Amino acid sequence: MTRALAFMVLLLGAGVAASPALGASYYISTAGADANPGTEAQPWRNPWAIATKTFSPGDTVYVKSGTYTISTQSWSVFNCPTVHFRQSGNSSNDIAMRPYPGHAVVFDPNGGQPTLGSCDDFSVSYTAFYDIKIINGGGRAVTLSSGNHHRLDGLEITHLPNGCSPCGDETVNINAVRVDSSHDCLVRNLYIHDWATVRNDGNAAAIQVYGAQRCVFENNRIENAPGGITFKATVATGTNHDNIVRYNFLKDLSVEGARFSSSDNLTNSGNQFHHNICVNTGNCLDQKNDAAGTFNNDTRVYNNTVY
């Protein structure tokens with residue numbers, strides 16, 4: 001780990017704490033069954049079982065070690081990931097999924113629909129996903145398509161080992177994470193690598209954001225992809241404003257490290273890009289207006305390092 005990145009981890013690790021879990025604990029194991037009650041003695045089998053269960057603020061779903069094949073379900077579409085909660089936490093306690101302490105968890109969608117996040121059909125808020133590795137991501141690995149105050153923390157996302165079957169289709173936006181009209185989100189400590197490497201297109205950025213407000217993207221490491229973190233304003237999703245992109249390490253990105261762009265006579269405003277490190281990224285930051293009458297206003301850019 002570089003000295004600069006180690007400093008970022010220390011600084012941010014000291015400043016942001018996870019919400020305390022005061023609710024019930026549930027469990028998923030490769031030895032379980034979805035008809036079970038979800039106790040540690042009788043766990044569920046499949047991560048998508050959470051979409052069929054009922055949770056309360058503070059509840060935590062612990063996933064035991066193993067590689068879980070994420071099979072497409074009846075609700076799985078581009079804006080409704082296979083693994084999602086259908087109830088909300090609150091400002092004091094998220095509803096969360098995370099590995100059982102000391103366990104390593106891998107989700108493998110084998111190039112299918114988005115793996116986890118929030119579903120556009122259920123406007124829930126205050127959910128969180130921690131420390132899960134997603135391999136063989138398809139057109140999109142994570143989608144936040146509804147609700148606010150969601151948290152993604154410590155995920156690893158890659159197209160390895162099998163690569164990306166839709167990546168050669170230039171009509172498909174290929175993003176490891178897409179945030180779509182979801183506000184007050186926190187996306188931190190993600191490691192996204194070897195993503196859509198055959199594309200040379202900013203729309204294949206590791207993190208693509210549409211119409212977000214007051215979200216924070218911090219301490220993420222993005223390597224070997226077309227782009228890092230991009231923001232787009234459209235009529236369908238609205239503008240991006242007051243978002244913060246800070247303390248990210250962006251390396252070997254063929255198009256750009258980050259971008260704020262707008263179209264359809266819309267204006268992005270009040271966004272911040274600071275204390276990021278860009279290594280071999282083309283433009284570290286690109287501000288782009290895709291049509292006349294579109295603007296990026298009051299973007300604050302400072303204390304970034306470019307190599």
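## Buried charges and a parallel sheet

At 1% relative accessibility, Glu 218 counts as buried, where buried means under 20% relative accessible area, exposed over 50%, and partly exposed in between (1.4 Å probe, protein chains only). The model is predicted: local features need pLDDT of at least 70, side-chain atom pairs count only at pLDDT 80 or more, and totals for chains, interfaces and linings use all residues. Residues are numbered from 1 along each chain as its sequence is written, and side-chain values use heavy atoms, with hydrogens and water left out.

Glu 218 forms a salt bridge with Arg 246; the term stands for a side-chain nitrogen of Lys or Arg within 4 Å of a carboxyl oxygen of Asp or Glu. This pair links distant parts of the chain, with Glu 218 in strand β17 (residues 216-218) and Arg 246 in strand β19 (residues 244-246), 28 residues apart. Arg 246 is partly exposed, at 23% relative accessible area. Side chains of opposite charge can pair when their charged atoms come close.

By this rule the chain has 11 salt bridges, including those in the table.

| Salt bridge | N to O distance |
|---|---|
| Arg 151 and Asp 153 | 2.6 Å |
| Glu 218 and Arg 246 | 2.8 Å |
| Arg 259 and Glu 256 | 2.8 Å |

Arg 259 and Glu 256 are both buried. Shared partners join Arg 151, Asp 153, Arg 188, Glu 218 and Arg 246 into one network of salt bridges. Within it, Arg 151 is buried at 9% relative accessible area, and Asp 153 is buried at 7%.

The chain contains 1 helix and 27 strands; these are DSSP runs numbered from the N terminus, of at least four residues for helices (H or I) and at least two for strands (E). An open sheet is made of 10 strands in the order β1-β2-β5-β8-β11-β14-β17-β19-β22-β26, with parallel pairing; two strands pair if DSSP finds at least two bridges between them. Its edge strands, β1 (25-28) and β26 (300-302), each pair on one side only. β1 pairs with β2 (residues 60-63) over 4 bridges, and Ser 25 has Thr 60 of β2 as its bridge partner.

Of the chain's 307 residues, 55% count as buried. The largest nonpolar core has 61 residues, and Ile 192 is one of those with the most contacts inside it. Such a core is a set of buried Ala, Val, Leu, Ile, Met, Phe, Trp, Tyr and Cys residues joined through side-chain atoms within 4.5 Å.
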